[in-house]
Number of protein chains: 2
Amino acid sequence: VPSPMEGHGVYNQDSQVQAAGASPGLAFFEEAAATATLPSPPQRIGIADYGCAEGRNSLAPIASAIAALRRRDDDACPIVVVHTDLPGNDWTVLFDTLAHDPGSYLRGSVNVFASAVGLSFYNQILPPESVTLGWSAWSVQWLSRTPAAIPDQVQVAASRNPEARAAFTRQAAEDWIAFLRSRAQELRAGGQLVIVTMALDERGDFGYGVLLHALYETLEEMVASGFIQAEEKRRMVIPTVGRSRDDFLAPFAQTGTFAQLSMERIEIFAGEDRIWNDFQHDGDAQRFGARWAAFSRASVFQSLASALDGGLSDPRAGAFVSKLEARLAARLAIDPRPTNIPLARLRIVKNGG
Amino acid sequence: VPSPMEGHGVYNQDSQVQAAGASPGLAFFEEAAATATLPSPPQRIGIADYGCAEGRNSLAPIASAIAALRRRDDDACPIVVVHTDLPGNDWTVLFDTLAHDPGSYLRGSVNVFASAVGLSFYNQILPPESVTLGWSAWSVQWLSRTPAAIPDQVQVAASRNPEARAAFTRQAAEDWIAFLRSRAQELRAGGQLVIVTMALDERGDFGYGVLLHALYETLEEMVASGFIQAEEKRRMVIPTVGRSRDDFLAPFAQTGTFAQLSMERIEIFAGEDRIWNDFQHDGDAQRFGARWAAFSRASVFQSLASALDGGLSDPRAGAFVSKLEARLAARLAIDPRPTNIPLARLRIVKNGG
């Protein structure tokens, strides 16, 4: 979810890490488009994009799914693409992106229509059996709520506090169930859902170790300098989780299916660390730091800023974000390191198609 | 279309004139809901709200249409409501209104789903034959573009310039055709469309005479005081039109139908002037002026402000809007008068159902 206070289009611009991490999901999504059970007219093919943000990173996957579908049905069936995110998402940038981005799937396609739903995907938000293909990239790691404070960090994976860890683990399990149950209502029989999301790797590592450490140290420095208060920092939490292979499979463990869904494919893999790769070529440590800081800003600074005394409309919110970005960039530039980016890709099928 | 610069929710708060003017459309819409041809499951009932703004004024008509539909089909058929407006609409307020307003049709209803489309309704923007009921209140008076400058006013109806008047008349005719043609593609056979919009009354009057006069004088005063430049005022245009009964009927004149649409009912009527009615009770001239000024701000100040040298991000934009509102309110409070509010209500049916 992009921040209104950060200005239009920030997420579209600074989500290259997410774009790189979503591309391994493309192959799964094309597979889904090639094998999902299709409705016949006058029914419509529904494609749902769960957690679209400003839309840029959704254009390529959806365009490629449409191309794969059209190889099967020859433009006959109307395709309706629904982008979902929270109400506070920047919908104007999304609609402008759909209308004007050169990569928009609306350009040059026939019988394809776009729409949006600004409601939480932890409930059923689309009509029953309306979705032929679902796509969700970098979204289901966001919990439906912050289940606990984290006394010693802003990300639970880097915390050693057992209560916080337990609360996040419980919430992650509940939210995964709620997400699957809602999608099961929305998918038609034979429909498929592809998910790319943060994960725990086979060693249980959430990754981003250096980044999280630097982020927390920068916040401590801001407390020390008096720019934010200790109590504000204590409230700062990024409500995301990485799930392990077992976490993803848990709802399916008993019977092999859950709410008529089957886990067709699951892979935990390491996302490509483009920022490190580029640093190895150009040796530009400033750029290295700036890119990770921009990624952090687009991804999580809104969550942190909302803990300021005045929330997102705190008079310090703008300066907080720019200072945090600048100082984090500087800190990361001192000693560039590769980043572990554990990701999961899942292909889930609704039975009966 | 509400203005981002005016802050969230302004249109929801200050569109009472529109709300009052839309309620006479309710009876037509309920009639449409009672008589439109319904699809049967697994097809869905589509309700389209063309020009939703922030949504508040759509809640009651859509809730009443849903109630009328449910008397016919007993919750069986999923209902999908699609709200459309331009990309720059405040979609966050729309989604918050749908989720949280006590009057939202999502509350307590079963099998009803909401979505949004941020594209101009002068094109087909929804799937073919997906709309059972269409609703459009206070929207089709907005032209797809400003066809000409208006040298002597900001609203063409108050202008005596023949070139400006001719250009607006041409654009109004073209846009009406484009609107109908697009809706004809989206409506299913037997589907119906109800429109409430500004009109010319039987004497050819657009109404709002005192308000438009006061608005233009206030702008001239702002030029005289140096707050805006004469060239900026010259660019200020409100791209709306009132259409006459004949204008609405023109596309149907030859054969009685147009693009498979028939004009089932058409009425030109005088909208209730609640602000004047209240003034007659309370005698509060300040409040009278303030309410018409707030109506103008929510409706058209964005169009005017976009003509500032720096457009909507001009450093004077905020002050321009507040000064204009305050001065207009003061001017209108001097000598309160009733306002002629010519409106049209139309019920259009797609043939073949």
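1. Two strands are said to pair if DSSP finds at least two bridges between them, and strands (E, at least two residues) and helices (H or I, at least four) are DSSP runs numbered from the N terminus. In this predicted model, A:Tyr50 stands opposite A:Thr84 in E2(A), and strand E1 (residues 45-50) of chain A pairs with E2(A) in the parallel sense over six bridges.

2. As for conventions, residues are numbered from 1 along each chain as its sequence is written, while chains are lettered from A and ligands numbered from 1 in the order in which they are written. Local features need pLDDT of at least 70 and side-chain atom pairs count only at pLDDT 80 or more, whereas totals for chains, interfaces and linings use all residues, and side-chain values use heavy atoms, with hydrogens and water left out.

3. On its other pairing, E2(A) joins strand E3 (residues 112-117) of chain A in the parallel sense, again over six bridges, and A:Val82 stands opposite A:Ser115 in E3(A). The chain passes from E2(A) through helix H4 (residues 91-100) of chain A to E3(A), and this β-α-β crossover is right-handed.

4. Strand E2 (residues 79-84) of chain A is mostly covered, with six of its six residues buried, where buried means under 20% relative accessible area, exposed over 50% and partly exposed in between (1.4 Å probe, protein chains only). In a regular strand the side chains alternate between the two faces of the sheet. Here A:Ile79, A:Val81 and A:His83 point one way from E2(A), while A:Val80, A:Val82 and A:Thr84 point the other way.

5. The structure holds 33 aromatic pairs over all chains; rings of Phe, Tyr and Trp (its six-membered ring) pair if their centres lie within 6.5 Å, with planes under 30 degrees apart counted as stacked, over 60 as edge-to-face and the rest as tilted. One of these is the tilted pair of B:Phe206 and B:Tyr208, at 5.6 Å centre to centre and 50° between the planes; B:Phe206 is buried at a relative accessible area of 5%, and B:Tyr208 is buried at 3%. In chain A, one aromatic cluster is formed by A:Tyr50, A:Phe121, A:Tyr122, A:Trp176, A:Phe179 and A:Phe248.

6. The charged end of B:Arg183 sits over the ring of B:Tyr50, 4.3 Å from its centre, and that of B:Lys323 sits over the ring of B:Phe227, 4.8 Å from its centre. The criterion is that NZ of Lys or CZ of Arg is within 6 Å of the ring centre and within 35 degrees of the ring normal.

7. Two residues of chain B deserve a look at their backbone. Most residues other than glycine have a negative phi. B:Glu129, however, has a positive phi of about 55° although it is not a glycine; B:Glu129 lies in the loop between strand E3 (112-117) and strand E4 (131-137) of chain B and, at 47% relative accessibility, counts as partly exposed. B:Ala259 likewise has a positive phi, of about 50°, in the loop between helix H8 (245-249) and strand E6 (261-270) of chain B, and is partly exposed at 30% relative accessibility.

Technical notes. A crossover is right-handed if, with the strands pointing away from the viewer, the path from the first strand over the helix to the second runs clockwise.
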